[in-house]
Amino acid sequence: MDKLLKLLDSNARLTDEQIATMLDISEAEVRAQIAKLEKDGAIRAYKAVVDWDKTDRECVTAIIELKVTPRRDVGFEGIAEQIMAFEEVESVYLMSGGYDLSVRVTGRSFQEIAAFVAKRLAPLDSVISTATHFVLRRYKESNVMFLGDNQDERGYI
Amino acid sequence: MNYEKLMNPTITGMKPSGIRRFFDIANDMEDVISLSIGEPDFSTPFHIRDKGVESLEKGKTWYTSNAGMPRLREAISGYIKRHVGITYAPDTEILVTVGGSEGIDLCMRTLVTAGDEVLIPQPSFVCYEPLAQMAGGVAVPIVTRAEDGFRLTAQALKAAITPKTKLLVLPFPSNPTGAVMRREHLEAIAEVLRGTDIFVLSDEIYADLTYGEASHVSLASLDGMWERTVYVSGFSKSFAMTGWRLGYVCAPAPLMKQMTKVHQYALMCAPTVSQYAAIEAMENGDDDVKEMREDYDSRRRFIVGELNKMGLRCFDPEGAFYVFPSIEKTGFTAEDFCTQLLMEQHVAVVPGTAFGECGEGFVRISYCYSIAHITEAMKRIRAFLESRGLL
């Protein structure tokens with residue numbers, strides 16, 4: 001299972017046949033293992049790592065630090081559920097340290113994100129304060145380097 | 001000055017390595033995708049690098065003893081004992097060298113005298129023949145064949161032995177074929193050697209990269225073989241440490257005493273910074289090796305699968321990080337195949353003939369590359385075959 005997850009984690013587009021060859025198990029076994037991982041929720045989704053700067057689409061990302069008041073009974077989860085329901089929100093983490101929730105948001109422009117924070121996030125009952133940090137440049141995302149051309153510098157012997 | 005006439009004809013008569021030539025062409029091309037490099041794509045594990053850096057920061061930049069730092073030789077002794085099950089005394093039977101290739105050179109220079117025959121199974125790495133010749137020896141190739149899994153057979157060995165035979169080179173796991181010699185194959189070789197005075201240069205640099213359930217076996221571990229074996233290995237392949245230039249050679253004390261003299265005068269000692277890093281590798285690097293081996297193993301299966309699907313028949317390589325598919329069905333010579341593939345699809349692989357004449361009909365493909373890189377290369381090789389009506 002670990003090896004299969006490691007392969008998919010590095011390249012989710014490998015075919016069942018390729019994975020079967022690489023792990024020396026049958027294709028049926030690959031399908032069964034993946035089905036189980038999906039069913040158990042270990043595999044949540046398959047996505048591409050996109051460098052939006054290389055496309056025509058405008059894309060701005062911000063990381064927002066939220067301080068919130070946990071609610072009786074539901075704690076942080078109630079507010080987290082509320083926030084993760086917004087489609088602009090890419091990720092929500094509960095944090096240790098100086099603030100409570102880290103929210104990653106993408107939009108088409110700074111204005112769009114500013115409006116989202118001002119009109120939707122900040123007014124929520126439990127939110128005490130927000131601090132919005134815009135991403136200026138992505139160097140690495142999901143283990144993939146966005147910076148440099150990754151030239152193979154190995155010599156020839 | 002007439003340089004050609006004045007220089008040593010043994011050297012001027014030697015061909016440069018056939019691996020290199022293609023890279024020089026490839027280097028001048030755009031968009032080349034190479035499967036030709038014979039070194040790990042991993043960087044040296046961080047904790048190993050860190051020990052090298054630490055030694056520099058502390059200013060430990062002096063020579064070490066000729067044979068290498070005592071603690072490193074202790075650690076090497078422990079590593080070999082643990083992984084290969086053979087015993088070498090750190091103070092008299094282990095020498096730290098500048099890469100595995102220095103160990104090969106030392107062995108040749110110490111054992112071979114003018115006219116001695118050195119048996120070299122081929123296809124094999126490019127350095128054995130020239131080094132034997134430089135030592136004054138006569139290189140005698142022994143052809144290994146795909147149908148024998150590119151192993152050295154007792155029969156072929158027996159046929160090559162003459163009264164002048166001084167040394168047998170045993171280069172397994174093999175670069176370029178990926179062949180390994182399992183215990184039963186080594187037993188057959190040992191049977192031929194017992195009772196002779198023939199030495200063996202066992203180049204086991206790829207030993208840690210042996211795939212499958214059975215682990216690597218060294219000839220030196222078999223009855224009557226230790227005393228005739230010069231065991232060569234190093235850090236480059238197992239620990240992704242090629243640029244540190246560090247290897248080691250192990251041999252019985254009388255032999256080691258003489259080899260140490262050659263090393264002493266030619267190299268003095270191996271790089272100190274590398275020796276500090278190597279101690280960490282030997283003492284705490286087993287998990288790194290395991291992890292990298294597993295990674296290579298899945299790539300190995302992947303590339304063998306892809307090549308076989310294209311009809312480039314590929315015997316199952318069980319060691320190192322190369323595959324050696326047959327290109328016979330294309331009708332090209334190895335050289336032509338590689339040249340055309342490079343010119344048209346910008347994919348660089350190495351012709352089998354770089355590893356001995358019997359490498360004709362094969363190419364060496366390295367899988368020290370990411371799966372994405374290998375996938376792209378396979379796509380292009382497929383396109384090349386299709387353009388020739390071969391698929």
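The model is predicted: local features require pLDDT of at least 70 and side-chain atom pairs pLDDT 80 or more, whereas totals for chains, interfaces and linings use all residues. Residues are numbered from 1 along each chain as its sequence is written, chains are lettered from A and ligands numbered from 1 in the order in which they are written, and side-chain values use heavy atoms, with hydrogens and water left out.

Chain A contains five helices and six strands, both assigned as DSSP runs numbered from the N terminus (helices: H or I, at least four residues; strands: E, at least two). Along the sequence, these elements follow the pattern α-α-α-β-α-β-β-α-β-β-β. The radius of gyration of chain A is 20 Å, well over the 15 Å that the globule rule gives for 157 residues, so the chain is more spread out than a compact globule; the radius is taken over C-alpha atoms, and the rule is 2.2 Å times the number of residues to the power 0.38. Along the principal axes, the C-alpha atoms of chain A fill a box of roughly 55 × 45 × 30 Å. Contacts (heavy atoms within 4.5 Å) between residues of chain A at least 6 apart in sequence join residues at least 24 apart in 59% of cases.

Chain B comprises 14 helices and twelve strands. For its 391 residues, a compact globule would have a radius of gyration near 21 Å, and the value for chain B, 21 Å, agrees. Buried residues account for 55% of chain B, and among its contacts between residues at least 6 apart in sequence, 76% link residues at least 24 apart.

Within chain B, B:Arg73 lies in helix H5 (residues 70–84). B:Arg73 is buried yet forms no salt bridge, and the nearest side chain of opposite charge, B:Asp91, is 6.4 Å away. A salt bridge requires a side-chain nitrogen of Lys or Arg within 4 Å of a carboxyl oxygen of Asp or Glu; Lys and Arg count as positive and Asp and Glu as negative, with His and the chain ends not counted. Beyond residues up to four places away in sequence, B:Arg73 touches residues including B:Ser65, B:Pro90, B:Asp91 and B:Val96.

How values were computed. Buried means under 20% relative accessible area, exposed over 50%, partly exposed in between (1.4 Å probe, protein chains only).
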